[in-house]
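Biologist: Could you walk me through this model, starting with how its chains are divided up?

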Amino acid sequence: MSKWLNPRSAFGIVLIAVALIALPFVAAMGGQAWVRIVNFAILYIFLALGLNIVVGFAGLLDLGYIAFYAVGAYTYALLASPHFGVHWPFWAILPIGAAIACVFGVLLGSPTLKLRGDYLAIVTLGFGEIVRIFMNNLNAPINITNGPQGITLIDPVAIGDFRFSGTTQILGISLSGPQKYYFLLVALAILVIIINLRLQNSRIGRAWQAIREDEIAAKAVGINTRNLKLLAFAMGASFGGIAGGIFSAMQGFVSPESFSLIESIMILAMVVLGGMGHIPGVILGAVLLSILPEVLRYGVGPLQMALFGKMLIDPESLRMLIFGLALVLVMRFKPAGLWPSPERKRELGEKPAGGA
Amino acid sequence: MAEVLLEARSVAKHFGGVKALRDVSLSIRRGEIYGLIGPNGAGKTTFFNCMTGLYIPDGGGFDFDGAPLKADAPHQAAERGIARTFQNIRLFANMTALENVMVGRHVRTGAGVLGAMLQTAGTRAEEAAIRQRAEDLLHYVRIEDRADDLAKNLSYGDQRRLEIARALATEPKLLCLDEPAAGMNATETEELRDLIDGIRRDGTTILLIEHDVKLVMGLCDRVAVLDYGALVIEDVPAVVQKDQRVIEAYLGA
Amino acid sequence: MDIFLQQIINGLVQGSIYALVALGYTMVYGIMGLINFAHGEVVMIGTLVTITVAGTLIKVGMPVALAGLAGLSAAVLVCMALGWGLERIAYRPLRNAPRLTPLITAIGMSIVLQNVAMIVWGRNYLTFPHLLPKINFEFAGASFTAVQVMIVVVSGLTMAGLIFLVYRTKLGMAMRATAQNPQVASLMGVNSNRVISAAFVIGSALGALAGVMVGTYYEIAHYQMGFMLGLKAFTAAVLGGIGNLAGAMIGGVLLGIIEALGAGYIGDLTGGFLGSHYQDIFAFVVLIVVLMFKPSGLFGEKTGDRA
């Protein structure tokens, strides 16, 4: 902490703080849609840092991370919507959602964490699909999830009488719903960044990294690898659960469509593309991969019109095409990610036992 | 305090049809340097892996420090006081030398996730103690100036030393070294010899698996010889050296 | 009893397709330890190429059988080129990259191929031309079609051919050697680049064949069809023990049968609580359960640690 006190970093922090406060107002100039896009970027930072604990720190390849997000989202939706007629306050549901997601994490992790990396990947992927399929179909014979239609009219986040939806005046400044959520999300994101940083340089964090580097050696120095992997898994799941709850409240609507495999893959891509295990890199990855498709969404159509005078290619597929190409190209030219930790940068040239 | 620290009782292990260990019984006394030698494939490393819980023996077992060792629980072996190094060095390659040793403190410390998140006074004090101890150990094996380098960027000899420092961080009663001199030149071997001797003088019992017979005979108090998975002899170096069976085993009869 | 037999037959057909696709995953994984996520997309492209080629040829009056063969050949060639190109352009530069890097590349390629297919073939469902006459057979109360028979027979023959290739030819020996130990194999003079290319090309050819079968069986195709198919096939490969050819074949057939039986009986088993739309979960539930008890799959080698 003491290094924060020197004037240069203090100046940097003030600069970042000012930028963070100004951002929602700047974004709003392009319309509230842009504030929402920024909000989602922050939500993805949250998710990516949760997954970073599992993949980046502990080295466990989880391709079903979105399932925990889904569990949190549905927990919130069911406990704060007209669907069951229950309207619990958000601060009560959020921990419940995190806890349920955590239980799911332990349930999935305890039998499967002894599996080798790629086997674990496909098992988690399968788990993610199972959760999604259940959400899609648990509308009969008892209607729990309302099936593919999803759940609507979910309560917004509210603290006392202060609701995060709709516009309010604070100190003469008019704040829109998305802008209020923005500040809530920033606060949560800062919290999760601090937690990540603190865990990384802790006894537990080092044990995770040791497991990632060499499981046998980790066991030999007395690390209970099974329990620690489970811990990483459960923590990642809890973060996913919290993010899901906020997503639910912010959107006011959840349906299974939001929790498809491609979302899990997207979050993993954020972690890897940014620089696995390196917190600033993961944040960069999350921001880029959540903003890029949106920028493309708004940019690709008009660009074609300007260049060719007509729509040559369906903008939606062109957008995803560019996105896919971006993944391939970044991995080709920056195999350790866009912003790897200084140590990992030097890692290239080393190959884990693959086919053997 | 009993004189015997580790006792192996008829340990047997086979892989498919190959009998890697045939009822090996031996005992290591407190404070000694105990050598385990034998030709390639004699079962030395297998014995090691059984003892440290990486393999489950098919017969027999180990008593350590007055109580049986649980098989198939490597992390518990460390907790009980058995630390080891690996024949083909297994460091946490992408962590710094200091971090490697700090990981070794895991089993003797207790900070959890909550403590780390909240940065409680207890956690911070423990973290500082971990760091201090790790720095001391790096100093002890004389690689303190490489503390912030990644383990994989250390020279071969320094990696060996780092592995020993990491093992010592677990505060072992018994330190097991699996061919620590492999690939070292004469000077490095001499330095290693001083290091091992020093560790013993500081009170840690040592089990040394080694190919370098000269090193073993010069350093060890007692030596056991394995051949084809069976114990040939267990005695002081002077006796072992003259034993006809040992000479045959090494000359390949 | 007739439902049982019927579902076994349906499962066998679906399973043969899974097996062909699973082989593509398992060959690549066995040799270079990579989950080639884009393989499902290769299969999809195989189907769509056949639609275009065979459909056009039929329209200009070529006999159906000939057009079908032409379509199949075109699909196989296009997919082989695609598989070769994928490895060459996307994966080869990443041989020494961190473990997750090629995985992300594979996912990226999967997205690229899907969207290229959407741009070329559009976002609507396409009808697959009728390549085989509609003939129904009856057997012990179960019915099956000529298409189903063709799928099982052709898959069986193809797999027999693959086994011959891998166990009886020089290329096959090089592939097995590389899978065992790439370093030693290359010391022994095996050109690992060639072996890896071969694995991609052969896997893609099998994928193209599977793509044509899927098309003939379901009679429709879509740019997103490869994803779930690929996922299931990969599950089958893991189920059998990834890297193991026989494992992929058996895993594929087993998965097809389990799914079919599951879909047929889940209603009865759960007292009507869960219906057949849960079909897709069987693959994953079975996978998780099997791996809990056999962590390397049904026929996978136990990977001991060489400490």
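**Domains, sheets and helices**

Modeller: In chain A, the domain assignment, which is automatic or taken from a database, gives domain 1 (1-30) and domain 2 (31-261). This is a predicted model, in which local features need pLDDT of at least 70 and side-chain atom pairs count only at pLDDT 80 or more, while totals for chains, interfaces and linings use all residues. Residues are numbered from 1 along each chain as its sequence is written, and chains are lettered from A and ligands numbered from 1 in the order in which they are written.

Biologist: How far apart do the centres of domain 1 and domain 2 of chain A lie?

Modeller: Their C-alpha centres lie 27 Å apart. The contact takes six residues from domain 1 of chain A and nine from domain 2 of chain A, where two residues are in contact if their C-beta atoms, placed from the backbone, lie within 7 Å. On the domain 1 side there are five nonpolar residues, one polar and no charged; Ala, Val, Leu, Ile, Met, Phe, Trp, Tyr, Cys and Pro count as nonpolar, Asp, Glu, Lys and Arg as charged, and the others, Gly among them, as polar.

Biologist: And how is chain B divided?

Modeller: Chain B has domain 1 (1-81 + 172-253) and domain 2 (94-165), and 27 Å separate their centres, taken over C-alpha atoms. Seven residues of domain 1 of chain B are in contact with six residues of domain 2 of chain B. The elements that give two or more residues to the domain 1 side are helix H2 (74-80) and helix H7 (186-201) of chain B, helices (H or I, at least four residues) and strands (E, at least two) being DSSP runs numbered from the N terminus.

Biologist: Switching to strands, what does E1 of chain B pair with?

Modeller: Strand E1 (residues 4-15) of chain B pairs with strand E2 (residues 18-29) of chain B in the antiparallel sense over eight bridges, and strands count as paired if DSSP finds at least two bridges between them. Glu7(B) stands opposite Ser27(B) in E2(B), and in the hairpin, which has two residues between the strands, Gly16(B) takes a positive phi near 60 degrees. E1(B) is also joined by five bridges to strand E4 (residues 59-64) of chain B, again antiparallel, with Phe62(B) as the bridge partner of Ala8(B).

Biologist: What is the strand order in the open sheet of six strands in chain B?

Modeller: The order is E6-E7-E8-E3-E9-E10 (chain B), with mixed pairing. Strand E6 (82-84) and strand E10 (230-235) of chain B stand at the edges with a single partner strand each, so one side of each is left without a neighbour in the sheet. Within this sheet, strand E7 (residues 174-178) and strand E8 (residues 205-209) of chain B run parallel and are joined by five bridges, and Leu175(B) stands opposite Ile206(B) in E8(B).

Biologist: Which helices of chain A supply residues to the side that touches chain C?

Modeller: The contact is between 44 residues of chain A and 47 residues of chain C. Helix H4 (90-112), helix H5 (117-137), helix H10 (261-275) and helix H12 (315-333) of chain A each supply at least two residues of the chain A side, which by class has 28 nonpolar, eight polar and eight charged residues.
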